[in-house]
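User: I have a model open here and would like to talk it through with you. Could you start with the overall picture and then go into the details as I ask?

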Amino acid sequence: MGLGQLASRALLRSTRLAASKPHHLLLRRAVVSTPELHNSEAAAVEAQPEPDLPKRTPVAGARVHFPNPDDAIEVFVDGYPVKIPKGMTVLQACVIAGVDIPRFCYHDRLSIAGNCRMCLVEVEKSPKPVASCAMPALPGMKIKTDTPLAKKAREGVMEFLLMNHPLDCPICDQGGECDLQDQSMAFGSDRGRFTETKRSVVDKNLGPLVKTVMTRCIQCTRCVRFASEIAGVQDLGMLGRGSGEEIGTYVEKLMTSELSGNVIDICPVGALTSKPFAFKARNWELKGTESIDVTDAVGSNIRIDSRGPEVMRIVPRLNEDINEEWISDKTRFFYDGLKRQRLNDPMIRGADGRFKAVSWRDALAVVAEVIHQVRPQEIVGVAGKLSDAESMMALKDFLNKMGSNNIWCEGNGPSPNADLRSGYIMNTSISGLEKADVFLLVGTQPRVEAAMVNARIRKTVRATNAKVGYVGPSADFNYDHEHLGTGPETLTELAEGRHPFCSALSNAKNPAIIIGAGIFGRKDKDAIFSVVEAIAKNVNAVRPDWNGLNVLLLNAAQAAALDLGLVPESDKSIESAKFIYLMGADDENVDKLPDDAFVVYQGHHGDRGVYRANVILPASAFTEKEGTYANTEGCAQTTVPAVPTVGDARDDWKIIRALSEVAGVPLPYNTLSGIRSRIGIVAPNLLHVDEREPAAFSSAFLRPEVKDKPDKTPFERAVDNFYMTDSITRASKIMAQCSALLSKK
Amino acid sequence: MLARASQRLLQIRQAFRQLPQASRSFSTALNYHIDSPDNNPDLPWEFTDANKEKVKEIISHYPSNYKQSAVIPLLDLAQQQHGGWLPVSAMDHVAKIIEVAPIRVYEVATFYSMFNRTKVGKYHLLVCGTTPCMIRGSREIEDALLKHLGVKRNEVTKDGLFSVGEMECMGCCVNAPMITVADYSSGSEGYTYNYYEDVTPKRVVEIVEALRRGEKPPRGTQNPKRINSGPEGGNTTLLGEPKAPPCRDLDAC
């Protein structure tokens, strides 16, 4: 190509850019402005903004938080003045000013790498374009994001990035949600000058969850930083140099993190994609439903992407208070369990021991007949791990009407204490854990019990060097911790001030004590609680401004069940039961049941519960119904139906409502709003959806005194296999692969 | 429009014809590890007792909370001890000493081309391939070496004595072309890293043969008419004592 031709082409492009500029600005100006949202102070100081510059809104509703109002500085982005706190980068200033800077390597929650160079902007009096993600904003800086220089810089960077990037968008799973694709459309050139062959890189085996096509990698190092900073596994690294540079583990190694799936989301290109989702669907074919996760007690916010009747994938949704923007691998990949081992039809076990599909009418009639033949105190109801508040309310009301009060939720133990809400929720709140400076983990392994809470603790430990003391069996941690002991006698030592860790606890400003819900099953639970409360009192962990006494629950249903008062009358009720109603309860020990007991299993999966069942009533899973769940910090959230239910299954509460009708004791509600107003009488906090309601009184001051001492038995692990904890995850093939390959033995 | 497109196509075709894309040669080896009997993470690896003292000395140069700064000197020491290359177990051992994850050491070892992650000869010959040396005939030097030893680049001779690699500029352009001989024949104690400058295809073969006989050929320029990097046949300028610098009379100020 001749020089003249090149010059004419460059000229052509620059004129085209100039021509398109006013149009571009016009579009941006159409954005509705709410100045008080982003810089109220600036608006107040400058009562008269420049008349020819209409206001812009921050990108994605970003808010500015001024830790110290004196530290505010003013910079100008494309002529717009913005007030930002000292220490912010140029890129953050642009975001506040409403200009979205293209970027690949920069990520809000990771350290700054500054190696993709896509975020170049022009700064007045600076000789070269500036990488805005790594440049601190200085007072009076005049940043220009829309100049020919910035545009040319982006175009050049994009050309270099695309040089070695394969042209396989049509067969790439990231297609349609690819940062590189989007940004090359917006900022790239329509042609490149590279005619050599592209480099190719050997694909890595990162395990059953993450598929790698390393040729597509643009070396942004987001995954390396995520693995070492957030997930806490130092496995990934940047190997080699120059054009031979590649991401890898060097030695053959799987990524054994419970958060590894998040690298799929942060990868800006298609280098790391979901292995189970590979070649299944395009993202524009999917219907997104904003729901919550029920596989643990965290209640991570998720988006269920479905196509027709099938859940295709699950991705996280931003919620700063609960899961930030990450989810655990169990949450992300258990969805294939929703398609397997489902219960489609009501079934009755015949005389030959085989199940026979029957109609709803027949099944309910049989159950209603049997329930009237047993004495009320022989009726027992158990709610499963995944039960929503509505169905637990209906079950409790129904069994109460039948004269029984033997109803509980599995995981809460034989004699749960539901009197004081602060005695079973995470009082500090998940995001509040970031303010803690010393952690004491009692019989809990947060990494397997609640991966997102563990991520939060790790974040705190990394940011503030908070100390972590752990009492329990040997466990896997991804942050520095002290293993103080294995049993309750260590707690007694701590309470009496004889343990070396006491000084760390008592010197702490905000100590956080986290008790695992695994101890709910212990006989000496009350004694342990009183010892822990004594520790809390000694170290001043419960104050008006800080409540550091927490319980970390295991299951999604637990908090709501205790809120609703699902407490059994006697802890021996299962041995004398003649009629037991298992509402999705699979982990309850049914061996102790008398042989002539009649077992009704209502649930969505043919799991452990059905082996002993006499009647099966098919229910819908959490992706198919609307239900309220309270998470471990006491925040009520609702699921939303994303896909139609399978076969003849019905919502849990509807089945119980119908059964009550057949049994002749109709419940006084027919609609979801009816049942919710009933919940509102029992536990009003469950109706305040998406709002965390703190517990009013601390259990430390109201609990009756416990005289007996905790026994010497060491604490046990509450969760053996992180990947398989409930009926859905046990049915999942992907989870089975994960537990075979990734769980540490 | 059509004419331009066809013209562009022609250009592309021409570009491909001119550049035979046989193989792109990288000076570095593979960026991932393949287990082999003499290189796998299960092999034990330790510093020798003498080198353990050296390790202590090296680590003492750095603050105790920045032990990881010692990664390059330690890898270098490990490489000298292990006959010029770093097995993965040596890298793991270094990672253990400086208390970082092994991958952080792998990153460093793969980044620097002077760390060899595959076997090299006792005498590792490195030919400079950067422009000044290339203009002065480094290609011929390399060809002569490879032909004489009967190996390919980065391959070890059968007797395990020699291997030939390429390096980028080693700062000896004034005496180009040059080769470096990394001598791993006597462990980290007798380790030398000598430059042989102003070499010719004939001279490098002589050097190789001398090394094979166990001699130590004199390092530096191989041109007898030159002294270090001075001009051939003696100095032509700066013959007298240089004048003292003006206006540096410190007493006067």
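Analyst: Gladly; bear in mind that this is a predicted model. Buried residues make up 50% of the 745 residues in chain A.

User: How many helices and strands are in chain A?

Analyst: Chain A holds 22 helices and 28 strands. Of its contacts with a separation of 6 or more, 69% are between residues 24 or more positions apart.

User: And what radius of gyration does chain A have, against a compact globule?

Analyst: The radius of gyration of chain A is 29 Å, which agrees with the value near 27 Å that a compact globule of 745 residues would have. Along the principal axes, the C-alpha atoms of chain A fill a box of roughly 95 × 60 × 55 Å.

User: Which domains is chain A divided into?

Analyst: The division gives domain 1 (31-155), domain 2 (164-279) and domain 3, which is made up of 426-552 + 707-719 + 728-741.

User: What separates the centres of domain 2 and domain 3 of chain A, and how many residues are in contact?

Analyst: Taken over C-alpha atoms, the centres of domain 2 and domain 3 of chain A are separated by 36 Å, and 10 residues of domain 2 are in contact with 10 residues of domain 3. On the domain 2 side of that contact, the residues divide into 7 nonpolar, 2 polar and 1 charged.

User: What order do the strands take in the open sheet of chain B?

Analyst: The 5 strands of this open sheet in chain B follow the order S2-S1-S3-S4-S5, with mixed pairing. Strand S2 (162-167) and strand S5 (220-221) of chain B stand at the edges, and each has a single partner strand, so one side of each is left without a neighbour in the sheet.

User: How do S1 and S3 of chain B pair, and what lies across them?

Analyst: Strand S1 (residues 123-128) and strand S3 (residues 178-183) of chain B pair in the antiparallel sense over 5 bridges, with B:Val127 standing opposite B:Ile179 in S3(B). Helix H7 (residues 138-149) of chain B lies across S1, S2 and S3 of that chain, and runs at about 155° to S1(B).

User: Is the peptide bond between B:Ala176 and B:Pro177 cis or trans?

Analyst: The bond joining B:Ala176 and B:Pro177 is cis, with omega about -5°, and B:Pro177 lies in the loop between S2 and S3 of chain B.

User: Back to chain A, where does A:Asp78 lie, and what is its phi?

Analyst: A:Asp78 lies in the loop between S1 and S2 of chain A, and its phi is near 50°, a positive value in a residue other than glycine. Those two strands form a hairpin with 2 residues between them; strand S1 (residues 72-77) and strand S2 (residues 80-85) of chain A run antiparallel and are joined by 6 bridges.

User: And A:Asn465, buried or exposed?

Analyst: A:Asn465 counts as exposed, because it has 9 C-beta neighbours inside 10 Å, whereas A:Asp78, with 19 C-beta neighbours inside 10 Å, counts as partly exposed. A:Asn465 also has a positive phi, of about 55°, and its place is in the loop between helix H13 (451-464) and strand S18 (467-471) of chain A.

Methods:
Residues are numbered from 1 along each chain as its sequence is written. Chains are lettered from A and ligands numbered from 1 in the order in which they are written. This is a predicted model: local features need pLDDT of at least 70, side-chain atom pairs count only at pLDDT 80 or more; totals for chains, interfaces and linings use all residues. Helices (H or I, at least four residues) and strands (E, at least two) are DSSP runs, numbered from the N terminus. The radius of gyration is taken over C-alpha atoms; the globule rule is 2.2 Å times the number of residues to the power 0.38. A residue is buried if 20 or more other C-beta atoms lie within 10 Å of its own, exposed if 12 or fewer, and partly exposed in between; C-beta atoms are placed from the backbone. Two residues are in contact if their C-beta atoms, placed from the backbone, lie within 7 Å. Two strands pair if DSSP finds at least two bridges between them. Axes are lines fitted to C-alpha atoms, for helices over the stretch in contact, and angles run from 0 to 180 degrees between N-to-C directions. Domain bounds come from an automatic or database domain assignment. Ala, Val, Leu, Ile, Met, Phe, Trp, Tyr, Cys and Pro count as nonpolar, Asp, Glu, Lys and Arg as charged, and the others, Gly among them, as polar.
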